[in-house]
Amino acid sequence: MQEREPAQQTVRVFGQSEQQAYQRIISMREISFTCVVCQQQTTQLRYPDPPPRYCSEACRAEHAQIANRERVRKQREKRQAARKTMTRAAQTSALAAPSSHSLLPLLTSRLAPPRLPALLVERSRLLTLLDSGQQQKLMLLQAPAGFGKTTLLAQWIAHRRTPPASVAWISLESGDNDPIHFWSSVIAACQTFDASIGQAALAHLSQAPRRPFATSPLEAAVAFLLNDLHTVQHGILILEDYHLIKHERIHETLTFLIEHLPAGLHMVILTRSTPPLPLVRWRAKGDLLEIQGAQLRFSLAETATFLQQLIPHELSAEALRSLHTHLEGWAAGLRLLALSLQNQITPPAIDTYITRLTTSHPHRPIQEYFMSEVFSELPEPLQLFLLQTSILSRLSGSLCDAVTSREDSSRWLELVERAGFFLEALDTTGEWYRYHALFAETMHAEALRRFGEEQLRHLQFQAGRWYEAHAMPMEAIEAALTAHESVYAANLIEQLNEEIYITEYHTLLRWLEQIPEAILRTRPALCFYYAQIQYISEDTDISQLKIEKIEALLQMAEDVWRQQDDLLHVGLLHAFRATLALIQSHHAQAVVHARLALQYWPLPTEPAGNPLHKQQASWIDWRCGCLTALGEEAMREGHCDKAYQYMLEAYTLSLNHTDRSFTSILRKQLGEVCIELGELHQAAEYFQQTIADVREQKERGEEVVYASSLYGLARLHYEWNQLDRAEQLAGEIAAYQFSGYIPYWEEETRTHGELIRLLVAHARGEVDSALQQLSYLLVRLQASPIRMRQLIPNVLSWQARLQIRDNDLITARRTLGLLADYEAEMSPLQLQTLQLLRVRLLLARGEAPAALRILERLLITALMGQQMQRTLELRLLIVLAYAADKQEYRAKQRLQEVLSQARNEGYMRLFLNEGEPLAVLLRSLLPTLTEKPLRTYAEIILRAFLHPEQTTNGSPFEPLTSQELRVLSLLTAGNSNPQIADALIVSVNTIKGHVKNIYRKLNVNNRVQAGEIARSLHLI
């Protein structure tokens, strides 16, 4: 201590700055080093740390020029490589390249925990607690900034000697509030376990989400990820700064992931605030370990241990207790103390300093303390460097050079890290760093005060230029927007979306919202992107779309493209509008836009050199939308053949598309068209396939397709008189929990399901109840807040038909009068239905000749449109009209024709709904039927008339082929399969196939039952 006396005297005689100067002088040493430029050995009087690199300023300048030339060369090579990549991509068809929709790149420094600081306390109690948390699915570290959450977790990983491949770490940022970007980041982190993990999930995320179906690939992507994570034996997934995540969909999907985590994987969440996750449920199940701020506070002993690393002598017990009470175990406060004590060298000085700290300003904000006591004492160049770089979320030497206009930022970053100024190294190479969030905010506020907004924007602009040159487009756009460089940002967004069709639409929406309208008006592509993002946003249902805003953006794009005579893109705009109108059930608008779209844009795809070729996947969907709109129009007009052609073309196009977001709806639509075409079995195949496909992977929006397909099947089973099955399907629709995403279609499907249920009830004889509930259904539709007016005529039509069927003609006329009020709004097909009801009323009143004249005219129209189901109904009414007009021969002749046409598809309710007049006529016809299958069919219908409570079950009636009749005859005679094969000269396997078909068609399980049914139906 005697040797240090002069230094103590200097401190007492002179002020603090003189003391610091003296300390610098006495610490200088002769340092020998080799210049990195001229390679000469040089000896200089220098501070021992850090070692010098140049022997002169000339060598420093030469090295800077070399580094600059190297940086320019690398940037040029990156741009050339990017152009080559774009050229190759442009030469590849979008149909053959599902990667045309890509995810934004991720900064790899976010995927690693920061290095541990030099001053570290072994926190055994917390490390033991974390060890015990591996029994739970989730560990939650929740505390305010500065409590050492990240340091503790990094220390725990090091303490456990966990292999790097067993830890997946992601540092979250506010930009991660895009669900697609969030999950692509999490998957990138999980690939630390195994590079193959998440490939299917990423491919699913990279599909462009489009309404009306496959709106969000999140659930499927998370499911794919979970499947891959089952291969991880021992892994830890860490989400840092989860308090920055606000998006509800992220919380929902993360909850799903946590609740289905494989046994070998544990999750750790670091957050400042309580996350909106089901923590109560997880606590009750024992799946959650929580570490709060109170547990993270340093104990008195830990505070003492920390200070022992900093101060070579012990503090007095009183000073230690006073400091611990003042800081309340706050880790950031201890690190601040470490900075502020660097200039205190004697025990009395340290004790005095601590006493002043704890008594003079006991409630002083830590930010104010940091700026006044620590930051202001730094050399001016270091202050300037810290303030200028505080705008950056992550720092590297090259990036800081661009922002500060320096050339030695890497050395400054090393100095700042060693000095302990809350700078954390993010990799082992020392390339990337970040400031502690609490102090970055403090320094940024000070930078704003000193420099002003204009200067900080300029710094952000410089950062943006650096990001662009280093192929970091997301960071470049964020910096440009922060700098209010809207033109520059618009250029970057436009360029990026030409290179990769961005699927992270929440991010794109946030960017475009910041671009002024004046700039958007000159950039049609950006307007188009913006409209698409408004359209596909999953945060709103269809009814809440901002149609006016979308149309304004589309109009701005159309104005420019028309001026440029770019009719291709004008056609695309109309195709987009057609799809948008279609999902809102604005059918007339959809048809107008669809026709214009196909006029300007006649081909399903365009040449690969087109600037928007990357978006061809969306173009295919929009073309499908146009064809669907035209197909639905053809259906409403009664042109079923044309409707089928449109739908089939769209369906084929969607099958050739990698996304297939329209495939399920088009298949369902084809089923509906097939019903009108009279192809009931083909319709059933379409509906069943749709149900199977959607059930496997049901995206939000496709649920209505699933329920609509259930209705289609229920409609078929009702026609086949399989009332139990029809009722079961109607019940599934009624119990279905829709998301409210497509309100009109959901309500339409719910109404159709209820209508089928009531028809089944009426068929079972529950007449009064069915008609009463039909009235209730009408009242509900009329009071519905959703625009359901066009469904009311369909319900009124069935109500009128049942009333006529029950001979309640006065009420039926009243219902037809109500139906006439909607006549101006009806489609041609609905008008035909109205005319048919009037014909039925004429027949019920005995006016057969008048009914016949109308029926013959309607039949011609139905045949021209290939409305085969309607044709069968019309011909059956003609049969009844002839019978009522005493033309029995013609009636029987026409009835036999109807039976022949209806037999193959197994129609039942077509006949049964006509009631006793048809049953009488059919009984009189039966003896004249000589063709066995036709006679069997008529007998089945008559049996259903006689026993309406017995409904057919299993498969719909399907006639046996001539070969199957031969097999049935030999089977019931007691022959074995080999004997039947020998008799018919075919293989045994062929006979087994015939027997299986016979059992299915007769709805039996064995030979005995087959024989009984065959004899009762006179098949043998």
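Reply: Start with a strand pairing. The model is predicted. In it, Val-167 stands opposite Ile-236 of strand 6.

Me: Which way do strand 5 and strand 6 run, and how many bridges join them?

Reply: Strand 5 and strand 6 (residues 235–240) run parallel, joined by five bridges.

Me: Is strand 5 mostly covered or open?

Reply: Count the buried residues, meaning those under 20% relative accessible area. In strand 5 (residues 167–171), five of five residues are buried, and the strand is mostly covered. Then take each face separately. Val-167, Trp-169 and Ser-171 lie on one side, Ala-168 and Ile-170 on the other, and both faces are covered.

Me: What span should helix 20 have, and what does the model give?

Reply: The expected span is 1.5 Å times one less than the number of residues. Helix 20 (residues 437–451) has 15 residues and should therefore span 21 Å; its end C-alpha atoms are 20 Å apart, which agrees.

Me: Which residues of helix 20 are buried?

Reply: An α-helix has 3.6 residues a turn, so residues three or four places apart point the same way. The buried residues of helix 20 are Leu-438, Phe-439, Ala-440, Thr-442, Met-443, Glu-446 and Ala-447.

Me: What follows helix 20?

Reply: Gly-452 does, with a positive phi near 90°.

Me: Is Lys-285 buried or exposed?

Reply: Exposed means over 50% relative accessible area. Lys-285, in helix 10 (residues 279–285), counts as exposed because its relative accessibility is 52%. Between Lys-285 and Gln-136 the C-alpha to C-alpha distance is 9.5 Å, although they are 149 residues apart in sequence.

Terms used. Residues numbered from 1 in each chain as written. Predicted model: local features only at pLDDT ≥ 70, side-chain atom pairs only at ≥ 80, totals over all residues. Heavy atoms only, no water. Helix = DSSP H or I, 4+ residues; strand = E, 2+ residues; numbered from the N terminus. Buried < 20%, exposed > 50% of the residue type's maximum accessible area, 1.4 Å probe, protein only. Pairing = 2+ DSSP bridges.
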